[in-house]
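Please keep the sequence and the 3D view side by side while reading.

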Amino acid sequence: MRAIAREGGQIYVGGVFTTIGGVTRNHVACLNEGVNTPTAWDPGANDLVDALAVTPTLVYAGGTFTGIGGKSRKYLAALDRGTGVCDEWDPQVSDWVQAMIARDGVLYVGGSFKMIGIEDRSFIAAFSLQDGSLTNWNP
């Protein structure tokens, strides 16, 4: 495991695995807390999931993947908590996302990237959880 997050009685995990609890899950899965069995949630990343953050409706995943939740997404994606399908949000991160946290209406991400879309953001960035826009925060 490389990442773990909890929300509403569910444990979301990410890493280099292709099975968990005897069930095929590529690099990202959801477990029912207490039962410790995988749920039907299966977004299937094509490479490492290194970071997770969960909100009431979405699971944000970061890593080295270029496809997840049935869509092409490089390094950062938002997944529906119910279906695992990738949201329309596409932040266009230039490289690997290795850490993240969602707090107080903001998704903070860290990694090896230098750009978010056409904006310079070296190694750390913040997005509004309300509309997905890149914030002005640029330390």
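This is a predicted model: local features need pLDDT of at least 70, side-chain atom pairs count only at pLDDT 80 or more; totals for chains, interfaces and linings use all residues.

## Basis of the model

Residues are numbered from 1 along each chain as its sequence is written, and side-chain values use heavy atoms, with hydrogens and water left out.

## Strand β12 and its partners

Helices (H or I, at least four residues) and strands (E, at least two) are DSSP runs, numbered from the N terminus. Two strands pair if DSSP finds at least two bridges between them. Strand β12, residues 106–111, pairs with β15, residues 124–128, in the antiparallel sense over five bridges.

Strand β11, residues 97–103, also pairs with β12 in the antiparallel sense, here over six bridges, and Gly-110 in β12 is the bridge partner of Ala-99. The two strands β11 and β12 form a hairpin with two residues between them, and Asp-104 in the turn has a positive phi of about 50°. Five of the six residues of β12 are buried (under 20% relative accessible area, with exposed over 50% and partly exposed in between, for a 1.4 Å probe and protein chains only).

Ala-3 lies in strand β1, residues 3–7, and is buried, with a relative accessible area of 9%. Leaving aside neighbours within four places in sequence, Ala-3 is in contact (heavy atoms within 4.5 Å) with Tyr-12, Val-13, Gly-14, Asp-50, Ala-51 and Leu-52. The C-alpha atoms of Ala-3 and Leu-52 are separated by 6.0 Å, although these residues are 49 residues apart along the chain.
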